Amino acid sequence: MTMENIKLLSVKDIQTKLGISAQNAYTIFHRSDFPLIKFGGRLYVRQEAFLKWLEGVESAC
């Protein structure tokens, strides 16, 4: 995987994609099982890791 292929999603991206509030998006980012990437005070998740995590959450329901 090259750096050009890595897509990082912000809290706002997740909020928009899932159609949830900012508070709920931050709650997801602070879950212990969420693949969080932190740069300074900013929170991100790799798109690939987010989709894999989401599949796991769906399976658990």
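Gln15 is buried, with a relative accessible area of 18%. Here buried means under 20% relative accessible area, exposed means over 50%, and partly exposed lies in between (1.4 Å probe, protein chains only). The model is predicted, so local features need pLDDT of at least 70, side-chain atom pairs count only at pLDDT 80 or more, and totals for chains, interfaces and linings use all residues. Residues are numbered from 1 along each chain as its sequence is written, and side-chain values use heavy atoms, with hydrogens and water left out.

Gln15 belongs to helix 1 (residues 11–18). Helices (H or I, at least four residues) and strands (E, at least two) are DSSP runs, numbered from the N terminus. Not counting residues up to four places away in sequence, Gln15 touches Ile20, Ser21, Ala22 and Ala25. Contact means heavy atoms within 4.5 Å. Ala25 sits in helix 2. Ala25 is buried, at 0% relative accessibility. Ala25 and Gln15 are 10 residues apart along the chain, and their C-alpha atoms are separated by 5.4 Å.

Helix 2 has Ala25, Ile28 and Phe29 as its buried residues. Seen down the helix axis, these residues fall within an arc of 100°, so they line one face of helix 2. The arc is that of the directions from the helix axis to the C-beta atoms. An α-helix has 3.6 residues a turn, so residues three or four places apart point the same way. The cover over the buried residues of helix 2 includes strand 1, helix 1, strand 3 and helix 3.

Three of them form an open sheet in the order 1-3-2, with antiparallel pairing. Two strands pair if DSSP finds at least two bridges between them. Strand 1 (8–10) and strand 2 are the edge strands, and each pairs on one side only. From one strand to the next, the twist averages 40°. Three bridges join the antiparallel strands 1 and 3. Leu8 has Arg46 as its bridge partner in strand 3. Strand 2 and strand 3 (residues 42–46) also pair in the antiparallel sense, over three bridges. Phe39 stands opposite Arg42 in strand 3. The hairpin of strand 2 and strand 3 has two residues between the strands, and Gly40 there takes a positive phi near 60°.

Helix 3 lies across strand 1 and strand 3, running at about 75° to strand 3. Axes are lines fitted to C-alpha atoms, for helices over the stretch in contact, and angles run from 0 to 180 degrees between N-to-C directions.

The largest nonpolar core has 12 residues: Leu9, Val11, Ile14, Ala25, Ile28, Phe29, Phe34, Leu43, Val45, Ala49, Phe50 and Trp53. A nonpolar core is a set of buried Ala, Val, Leu, Ile, Met, Phe, Trp, Tyr and Cys residues joined through side-chain atoms within 4.5 Å. Helix 1, helix 2, strand 3 and helix 3 each give two or more residues to this core. Ile14 touches Leu9, Ile20, Phe29, Val45 and Phe50, not counting residues up to four places away in sequence. In soluble globular proteins, nonpolar side chains tend to be buried together.

The structure holds five aromatic pairs. Rings of Phe, Tyr and Trp (its six-membered ring) pair if their centres lie within 6.5 Å; planes under 30 degrees apart count as stacked, over 60 as edge-to-face and the rest as tilted. Phe34 and Phe50 form an edge-to-face pair, 6.4 Å centre to centre with 65° between the planes. Phe34 lies in the loop between helix 2 (22–29) and strand 2 (37–39), and Phe50 in helix 3 (residues 47–60), so the pair ties together parts that are 16 residues apart in sequence. Phe34 and Phe50 are both buried. Phe39 and Tyr44 form a tilted pair, 5.9 Å centre to centre with 55° between the planes. Phe39 is partly exposed, with a relative accessible area of 49%. One aromatic cluster is formed by Phe29, Phe34, Phe50 and Trp53.
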